[in-house]
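Work through the following exercises with the sequence and the coordinates at hand, and compare each step with the solution given below it.

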Amino acid sequence: KGKTPIADAVEQAAISLAYTEDKATVIVITDGIETCNADPCALASELEAAGIDFTAHVIGFGLTAEEGRKVACLSQNTGGRYLQAGNATERAGSLTETAAAQPGPAPEHAPQPAPHTHPTLPTT
């Protein structure tokens, strides 16, 4: 209906991802600022404090610089990134950049078992 409930959407996503139990990352793509009487900046701080490792990345699609500043706090307060996209190509690039998996720690190699030796059979 033309509304932009950013805070509600991010909160619902965080809860669905069990952000208080596991690492959770949300990517928000928005073409507007919060319009439903909520404070996404305050919510971001609350989710960051309560979560295991909660991160929100925000892609502002066609936002003005001022509008971008109003939603960038969501990513800034959670250690995420804010990216501005002015057209569909930039939006796709921003989404790819944001969604790219970060390299994790190198897997630990399990110790190799000692080679099994067979007793030497006596020769006759």
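**Exercise 1.** Determine how many aromatic pairs the model holds, and classify the geometry.

Solution. Rings of Phe, Tyr and Trp (its six-membered ring) pair if their centres lie within 6.5 Å, with planes under 30 degrees apart counted as stacked, over 60 as edge-to-face and the rest as tilted; by this rule the count comes to one aromatic pair. The ring centres of Tyr19 and Phe54 are 6.0 Å apart and the planes stand at 70 degrees, so the pair is edge-to-face. Tyr19 belongs to the loop between α1 and β1 and Phe54 to strand β2, so that the pair links distant parts of the chain, 35 residues apart.

The model is a predicted one, in which local features need pLDDT of at least 70 and side-chain atom pairs count only at pLDDT 80 or more, while totals for chains, interfaces and linings use all residues. Residues are numbered from 1 along each chain as its sequence is written, and side-chain values use heavy atoms, with hydrogens and water left out.

**Exercise 2.** Describe how helix α1 packs against helix α2.

Solution. Helices (H or I, at least four residues) and strands (E, at least two) are DSSP runs, numbered from the N terminus, and axes are lines fitted to C-alpha atoms, for helices over the stretch in contact, with angles from 0 to 180 degrees between N-to-C directions. Helix α1 (residues 6-16) and helix α2 (residues 40-50) have axes 9 Å apart, at an angle of about 15 degrees. That makes α1 roughly parallel to α2, a class that takes angles under 35 degrees, whereas over 145 is roughly antiparallel, 65 to 115 roughly perpendicular and the rest oblique. For the contact (heavy atoms within 4.5 Å), Ile6, Ala7, Val10, Glu11 and Ala14 of α1 meet Pro40, Leu43 and Leu47 of α2.

**Exercise 3.** Repeat the analysis for α2 and α3.

Solution. The axes of α2 and α3 come within 8 Å and cross at roughly 5 degrees, which makes α2 roughly parallel to α3. Pro40, Cys41 and Ala44 of α2 make the contact with Lys70, Cys73 and Leu74 of α3.

**Exercise 4.** In what order do the strands of the sheet lie, and which helices pack on them?

Solution. The open sheet has three strands in the order β1-β2-β3 with parallel pairing, where two strands pair if DSSP finds at least two bridges between them. Because β1 (23-30) and β3 (82-85) stand at the edges with a single partner strand each, one side of each is left without a neighbour in the sheet. β1 pairs with strand β2 (residues 53-61) over eight bridges, and the bridge partner of Ile27 in β2 is His57. Helix α1 lies across β1 and β2, running at about 150 degrees to β1, and helix α3 (residues 65-76) touches β1, β2 and β3, its direction making about 160 degrees with that of β2.
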